[in-house]
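Let's take a walk through a protein together, one stop at a time. Have a look at the picture, and then we will begin with a pair of helices.

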Amino acid sequence: MAREFRLSRRSIMAGSAAVGAGLFMPAIARAAPTVIRWGDLLPANHPQVRMLERIAAEVKDKTGGRLEIQTFPGGQLGTGKDMMEAVGSGALTATTDGAAALGAFLPQLSVIEAPYLWRDAAHMAKLGATPLFKQMNEQLVAKRGMRMLAVTYYGKRHITTGSKAVKSAADMAGFKLRVPPVDTFRAMAEAWGAKATPIAFNELYLALSQGAVDGQENPLPTIASAKLNEVQKYLVLTGHIITPRLVIFNEDFLKTLAAADRAALDAAIAAAVAWQDKELAGQEASLVDTLKAGGMTVIEPDMDSFRKPVLAQVPPKFEEKWGKGVFDGLLAL
């Protein structure tokens, strides 16, 4: 039941002095914040999702609550492709995903998640300052309405298997390897002789537990946070891809922000990315021992047997898509 208020002569007189300015204050106080809906495939305990929470807290503080970030981890809003399409249309404000996956919307972008391209995280970090990256960003804005605001480190990718001890690429013949639903990953798996099997990340644990695939490949923090070690016996330290993950925003939304709020958003992202990259690298340094102690058998394979067929087949196959000399140019940074 609505409350009833009785206004006395005294209360009216007491409030009359504030009428000029105070009349408008309730409307200001009730102004709703601008909500940023940010989706991610990764589980809530992954450093990347914790990065989003840090961004949300800083943005709220620095904008006085004018911006509010709501996070949706664990594939709550669909597959990676679903969320990127939603960001492009404006139905979702932001998402975080891999470069190869974003390549479905701008094909040449997949080069920055090519196998055996980056030597280490420091090498990959040079990407953001290159004219090539700036050019691809503007093309992504023009063609798809999305802008990349940051490049994050996602880690070195390694293979896990359920029952087969893989010691060289020869052991991958006929192996059903789950890969993300992107063409460069399929080509890499096929170069090893494996049967590339695209499965959405939020369906991966179940697929492994049911034997729908023989194994998968991901960075150590992803393997641990998604508890894939519960349904995989062997960890094969191939280190075949150093993955950049990208912070992706709807461009039309960014244009609506006041300069101060945009600056606060950019600063919060930069600070949280630096934290996430350090946190993730720290986890990588200890997770091999942690996963081993938890029951996984760790294998150090014949690295050349994995590297050579991929470098012989994948860059030439995708040169037309990536641009002539682009892979070699990034390799030489």
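In which sense, left-handed or right-handed, does α4 pass α13? The crossing of α4 past α13 is right-handed; a crossing gets that name if the near helix is turned clockwise from the far one by less than a right angle, and is left-handed if it is turned anticlockwise. Before we go on, please note that this is a predicted model, in which local features need pLDDT of at least 70 and side-chain atom pairs count only at pLDDT 80 or more, while totals for chains, interfaces and linings use all residues. Residues are numbered from 1 along each chain as its sequence is written, and side-chain values use heavy atoms, with hydrogens and water left out.

Two packed helices are described by the angle between their axes and the distance between the axes. Here, helix α4 covers residues 47-62 and helix α13 covers residues 259-293; their axes come within 8 Å and cross at roughly 150 degrees. Helices are DSSP runs of H or I with at least four residues, strands are runs of E with at least two, and both are numbered from the N terminus. The axes are lines fitted to C-alpha atoms, for helices over the stretch in contact, and the angles run from 0 to 180 degrees between N-to-C directions. Angles over 145 degrees count as roughly antiparallel, and α4 and α13 are therefore roughly antiparallel to each other.

Which residues meet where α4 and α13 touch? Among them are Met-51, Ile-55 and Val-59 in α4, and Leu-265, Ala-268 and Trp-275 in α13. Contact means heavy atoms within 4.5 Å. By class, this contact of α4 with α13 has 13 nonpolar, three polar and five charged residues. Ala, Val, Leu, Ile, Met, Phe, Trp, Tyr, Cys and Pro count as nonpolar, Asp, Glu, Lys and Arg as charged, and the others, Gly among them, as polar.

Next, find Thr-71 in strand β2, residues 67-72. Thr-71 is buried, with a relative accessible area of 17%; buried means under 20%, exposed over 50% and partly exposed in between, using a 1.4 Å probe and protein chains only. The side chains of Thr-71 and Glu-53 are joined by a polar contact of 2.7 Å. A polar contact is a pair of N or O atoms within 3.5 Å; within protein, one must be able to donate a hydrogen and the other to accept it, and residues adjacent in sequence count only if both atoms are side-chain atoms.

Our next stop is Ser-225 in helix α11, residues 220-225. Ser-225 counts as buried at 10% relative accessibility. Its side chain reaches the backbone oxygen of Pro-221 at 2.9 Å, and a polar atom of the Ser-225 side chain lies 3.4 Å from the backbone oxygen of Thr-222.

Now look for Met-148 in strand β4, residues 146-161. Met-148 is buried, with a relative accessible area of 3%. Leaving aside neighbours within four places in sequence, its contacts include Leu-102, Phe-133 and Val-247.

We finish with backbone angles. Most residues other than glycine have a negative phi. Tyr-116, although not a glycine, has a positive phi of about 60 degrees, and it sits in the loop between α6 and α7. Lys-227 also has a positive phi of about 60 degrees and is found in the loop between α11 and β8. Is each of these buried or partly exposed? Tyr-116 is buried at 13% relative accessibility, whereas Lys-227 is partly exposed at 47%.

Note on methods:
Parallel < 35°, antiparallel > 145°, perpendicular 65-115°, else oblique.
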